[in-house]
Amino acid sequence: MSRLVSFFASLYRDGFRNMTWGKPLVWLILLKLIILFGILRIFFFKPAMSGLTEEEKSEKVGAALTQPHNTDTLNLLTH
Amino acid sequence: MDVVIWSRIQFAMTAAYHWLFVPLTLGLAVVMAVMETLYVVKKDEFWKKAAQFWIKLFAINFAVGIATGIILEFEFGTNWSNYSWFVGDMFGAPLAIEGILAFFMEATFFAVMFFGWNKVSPKFHLASTWLTGIGATISAYWILVANGWMQNPVGTTFNPETVRSEMASAAAFWEVITNPVAVSKFCHSVTSGWVTGGIFVVGVSAWYLLKNRHVEFARKSMLVGAIVGLVGSGAVMLSGDSSGVHAAEFQPMKLAAAEGLRDGGNGAAFTIVPGIQVPHMLSLLATHDWNGYVPGINDILNGYTDNDGNVIPSVEDKMIMGRTALDALAVYRKTDDPVLKAEAKALLEANVQYMGYGHLSRPEDVVPPVGVVFWAFRFMIGLGMLIALVLLLSLIAIWKDKLGAWKWLLWASILCIPLVYICGQSGWVVAEVGRQPWTIQGLLPVNVAISSLSAGAVKTTFFIFLAVFALFLAIEIRIMIRAIGKGPEVEPSENI
């Protein structure tokens with residue numbers, strides 16, 4: 001098991017160290033992950049029901065299901 | 001526009017963006033694995049270099065496409081929280097399996113494929129390349145299990161206590177993962193990826209041939225690309241047939257919209273374009289019976305009897321049953337009286353399959369935008385057939401040694417690269433716009449699935465995504481074009 005771990009560790013270490021044309025791609029992936037998780041997730045995409053207990057979530061969705069809804073915009077375009 | 005429409009547009013844009021990368025990943029995975037197999041079997045260095053070049057383009061596509069699917073999950077939690085809660089129990093297992101599988105595949109076999117050329121034996125490397133593609137394909141299966149369930153929600157029971165669709169047993173899980181809609185959708189989507197990968201390789205190779213560069217490499221790559229693409233095209237047609245039969249069975253409104261069929265009947269004709277019809281063809285495709293009954297939009301609205309003799313209620317009747325289910329749900333959740341609770345539960349269970357209809361205010365709400373679905377269907381089929389023809393002609397041109405003479409075919413192959421993306425996106429428009437207004441067929445319409453947000457908040461994130469997506473797409477196209485322009489020369493170190 002430890003041989004397998006050290007094999008993959010050396011694979012990654014040497015792979016990244018000797019990278020040629022792949023380097024910009026790694027930077028691209030890192031930039032994207034920073035934008036996604038460091039900015040968008042934190043500031044714009046907070047889960048709407050975060051902080052609620054399971055019971056509170058059931059209550060909230062149950063209420064949403066049983067209250068009347070506006071159906072005017074069900075379809076984006078005219079039939 | 002209100003929050004429902006902005007959320008839908010944002011989700012559609014994100015899903016469409018994600019689908020720009022997935023099919024090429026699935027298709028190039030097969031092409032590069034086939035080439036590397038030829039290298040290992042024939043011990044011919046040419047195929048190693050060819051495989052390395054296409055792996056390079058695979059890596060670029062993968063790098064830009066990575067994590068685009070996660071954005072959809074952000075949107076589920078923020079914009080579609082009612083939906084997320086409703087499906088949470090059912091989606092948990094397939095999406096967790098997909099996540100774990102994708103992680104292990106990416107962390108192991110991708111690494112060996114990209115970094116391991118000089119570190120492992122050729123056979124071990126070949127196995128890693130195949131497993132990378134197989135891993136991506138299995139990953140797609142779990143996503144499509146989730147999508148297939150939304151189109152045909154089998155194997156789950158609505159629990160009024162938790163307000164969720166839940167899988168009660170291992171048998172239910174099995175029913176979910178063998179959902180016929182998921183299986184045919186998986187086959188259709190994955191094999192369409194093979195077509196994308198195949199025509200991409202053929203188109204890029206055609207460009208080299210037109211420029212008279214890397215001629216041997218281009219001819220041999222074109223051969224592999226054309227075979228992979230043609231196998232994919234055949235499989236797409238077969239799985240498309242199966243998808244049509246399932247649409248007729250589980251989502252007849254989608255089929256009626258795709259055909260622009262107002263009034264159905266036995267021996268229904270297939271419309272190629274308005275004014276040109278093939279008699280009986282729609283019945284044959286949808287029911288595998290020359291005279292099978294295919295309901296039209298009006299039949300579905302008014303109620304009809306299907307080919308098995310089942311009486312399908314009108315949408316108005318379904319709305320009444322849906323409201324009964326919702327009223328029963330409200331009573332069940334409010335009352336503490338055990339007798340009343342039991343009665344409400346029984347009433348809910350008797351009508352739950354139409355629960356979503358209780359949210360509609362008029363029967364016409366179940367009709368998707370017919371024009372969009374009708375034309376998207378024709379774009380998908382028409383472009384798919386055109387691409388299959390170009391792939392076939394490419395194969396003939398290689399066989400008859402006519403690539404140099406048939407310059408028009410080389411240009412057509414290049415043109416097919418953007419067309420295959422339009423074809424794939426059109427397919428998803430048929431699948432997803434065609435099932436409107438439902439997020440979950442018959443159970444949850446989009447206007448109830450949404451979170452309590454302001455339209456402005458969703459609009460803001462829509463334009464942020466638009467800018468970010470456009471930027472990354474521009475970067476990918478630029479890197480991809482540079483890599484193609486440089487050609488299949490391999491760096492001395494053979495590193496990525």
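**View 1. His214(B) counts as partly exposed, with 19 other C-beta atoms within 10 Å.** On this scale a residue is buried if 20 or more other C-beta atoms lie within 10 Å of its own, exposed if 12 or fewer, and partly exposed in between, with C-beta atoms placed from the backbone. His214(B) sits in the loop between helix 7 (180–210) and helix 8 (215–250) of chain B. Helices here are DSSP runs of H or I with at least four residues, strands are runs of E with at least two, and both are numbered from the N terminus. What is phi of His214(B) near? The value is near 45°, which is positive even though this residue is something other than glycine.

A quick word on what you're looking at: this is a predicted model, where local features need pLDDT of at least 70 and side-chain atom pairs count only at pLDDT 80 or more, while totals for chains, interfaces and linings use all residues. Residues are numbered from 1 along each chain as its sequence is written, and chains are lettered from A and ligands numbered from 1 in the order in which they are written. The model scores ipTM 0.83 and pTM 0.93. Chain B has a mean pLDDT (the predictor's confidence in each residue, from 0 to 100) of 93, and 98% of its residues reach 70 or more.

**View 2. Ala67(B) is another non-glycine residue with a positive phi, at about 70°.** You'll find Ala67(B) in the loop between helix 2 (45–65) and helix 3 (68–79) of chain B. Ala67(B) has 14 C-beta neighbours inside 10 Å, so it counts as partly exposed.

**View 3. Gly148(B) is a buried glycine in a helix of chain B.** The helix in question is helix 5 (residues 122–151). Gly148(B) has 26 other C-beta atoms within 10 Å, which is why it counts as buried. Which residues does Gly148(B) contact, leaving aside its neighbours within four places in sequence? They are Asn179(B), Val181(B), Ala182(B) and Lys185(B), where contact means that the C-beta atoms, placed from the backbone, lie within 7 Å. As for Ser121(B), it is 27 residues from Gly148(B) in sequence, and the C-alpha to C-alpha distance between the two is 40 Å.

**View 4. Helix 14 (residues 370–399) and helix 15 (residues 407–433) of chain B cross at roughly 150°.** Their axes come within 7 Å. Axes are lines fitted to C-alpha atoms, for helices over the stretch in contact, and angles run from 0 to 180 degrees between N-to-C directions. The crossing is left-handed, meaning that the near helix is turned anticlockwise from the far one by less than a right angle (clockwise would be right-handed). The residues of this contact divide into 22 nonpolar, five polar and no charged. In this scheme Ala, Val, Leu, Ile, Met, Phe, Trp, Tyr, Cys and Pro count as nonpolar, Asp, Glu, Lys and Arg as charged, and the others, Gly among them, as polar.

**View 5. Helix 1 (residues 3–42) of chain B also crosses helix 15 of chain B, at roughly 130° with the axes within 10 Å.** That angle makes the pair oblique, the class left over once angles under 35 degrees are taken as roughly parallel, over 145 as roughly antiparallel and 65 to 115 as roughly perpendicular. The crossing is right-handed. Helix 1 of chain B brings Ala15(B), Ala16(B), Trp19(B), Leu20(B) and Pro23(B), and helix 15 of chain B answers with Tyr421(B), Gly424(B), Gln425(B) and Trp428(B). By class, this contact has seven nonpolar, two polar and no charged residues.

**View 6. A cis peptide bond joins Gln436(B) to Pro437(B).** Omega is near 15°. Pro437(B) lies in the loop between helix 15 and strand 9 (438–440) of chain B.

**View 7. Chain A meets chain B through 42 residues of chain A and 58 residues of chain B.** On the chain A side, helix 1 (2–17), helix 2 (23–44) and helix 3 (54–66) each supply at least two residues. The largest share, 11 residues, comes from helix 2 of chain A. The chain A side divides into 24 nonpolar, 13 polar and five charged residues. Chain A has three helices and zero strands, and buried residues make up 14% of its 79 residues.

**View 8. Leu30(A) sits in helix 2 of chain A.** Is Leu30(A) buried or exposed? Leu30(A) is exposed, because 10 other C-beta atoms lie within 10 Å. The C-alpha atoms of Leu30(A) and Met19(A) are separated by 15 Å, with the two 11 residues apart along the chain.

Definitions and conventions:
Two residues are in contact if their C-beta atoms, placed from the backbone, lie within 7 Å.
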